[in-house]
Amino acid sequence: MEKFENLNFGVDGDSITAGQQWSYHVFNTLGMKSHHNVAVGSAVWYKRTIECGGKTVTTQDYSDSDFAGISGGWEPTDDANEMLMRTNNCAVVHIQKFLAEVKSGEYPAPNVFAFAMGTNDLDEYFGDAEKALTGKSLENNDNIDLFTEAGAMRWCIQTILENFPDCRVFVLTPLQTAMHDHNEKTIKQLGIMRRICEGMSVQMIDCFANSGISEMFENEGAEGRYLIDGLHPKDNGRALQGAYAAKEIRNNYF
């Protein structure tokens with residue numbers, strides 16, 4: 001599509017976004033110029049502090065001189081360094097990495113940026129959206145708690161918009177899964193995500209309600225209509241989510 005052929009696409013997310021999944025379908029469908037995807041499996045929005053192997057590890061900043069790296073690992077471990085890399089696997093660090101890669105010239109500045117986070121987030125870390133939206137500056141703003149989803153969302157969205165003022169930002173919600181309890185958690189989460197998007201005046205793409213992927217046709221731990229294991233999309237699910245996201249971005253880009 002001529003409208004999009006000169007536009008660069010930036011993306012962040014978790015295992016449902018990493019690699020060539022829904023966002024790659026968007027990139028191809030809209031004929032975009034580039035696709036810069038920093039998604040990593042098992043990611044969450046927020047920073048974390050975790051006890052492991054008798055040590056306490058806390059999310060680093062990507063610019064730290066001793067930055068340990070980012071791991072998408074999820075199986076149990078007592079390796080404190082591995083757990084440190086897992087705590088670094090969050091949207092805050094991903095965006096710091098994204099900015100570093102753009103500023104180094106490795107990738108172009110984005111014209112469109114899409115977040116697709118939240119599947120792995122725990123409700124105890126959702127935070128308070130109204131508090132997270134308090135104040136205009138990110139600097140020295142104690143209301144923005146990066147150890148909560150609400151605070152991390154606000155920080156990530158505003159960081160992209162401050163660094164790339166002409167960029168259009170979209171936020172995709174998590175999909176429905178085969179697990180009813182997980183979907184109930186997501187329904188609570190949607191209110192926070194919607195309020196942060198409203199406060200930042202960015203488009204929320206409601207994949208939970210409108211992508212065509214429903215709990216009713218999926219099986220926990222086994223293949224269903226669109227999910228391979230009740231959680232992760234298989235090829236037709238990736239294509240369906242990508243088609244929906246492409247339509248929303250196409251119709252709402254200005």
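Analyst: Let's begin with residue classes: Ala, Val, Leu, Ile, Met, Phe, Trp, Tyr, Cys and Pro count as nonpolar, Asp, Glu, Lys and Arg as charged, and the others, Gly among them, as polar. This is a predicted model, where local features need pLDDT of at least 70 and side-chain atom pairs count only at pLDDT 80 or more, while totals for chains, interfaces and linings use all residues. Residues are numbered from 1 along each chain as its sequence is written, and side-chain values use heavy atoms, with hydrogens and water left out.

User: How do the residues lining the largest pocket divide by class?

Analyst: A pocket is an open set of points on a 1 Å grid over the protein atoms alone, with protein on both sides within 12 Å along at least five of seven lines; lining residues have an atom within 4 Å of a point. Here the lining splits into four nonpolar, seven polar and two charged residues. Of the 13 lining residues, Ser42, Gly72, Gly73, Trp74 and Asn120 lie nearest the centre.

User: And what lines the largest cavity?

Analyst: A cavity is a set of grid points where a 1.4 Å probe fits but cannot get out. The search of the whole structure turns up one of 30 Å³ or more. Its lining includes Asp14, Trp22, Thr119, Leu172 and Gln241, and by class there are six nonpolar, four polar and one charged residues.

User: Which residues have the most contacts inside the largest nonpolar core?

Analyst: In soluble globular proteins, nonpolar side chains tend to be buried together. A nonpolar core is a set of buried Ala, Val, Leu, Ile, Met, Phe, Trp, Tyr and Cys residues joined through side-chain atoms within 4.5 Å; buried means under 20% relative accessible area (1.4 Å probe, protein chains only). The largest core has 41 residues, and Trp45, Phe115, Ile157, Ile160, Val171 and Ile196 have the most contacts inside it. Apart from that core lies another of 26 residues, including Phe27 and Ile249.

User: How many disulfides does the structure hold?

Analyst: A disulfide is a pair of cysteine sulfur atoms within 2.5 Å, and there are zero here. Take Cys167: its sulfur is 13 Å from the closest cysteine sulfur, in Cys156, so that is too far for a bond. For Cys197, the closest cysteine sulfur is in Cys207, 12 Å away, again too far.

User: Are those two, Cys167 and Cys197, buried or exposed?

Analyst: Cys167 is buried, at 5% relative accessible area, and Cys197 is buried too, at 2%.

Notes: Buried means under 20% relative accessible area, exposed over 50%, partly exposed in between (1.4 Å probe, protein chains only). Grid points are joined across faces, edges and corners, and a volume is the space filled by probe spheres set on the points.
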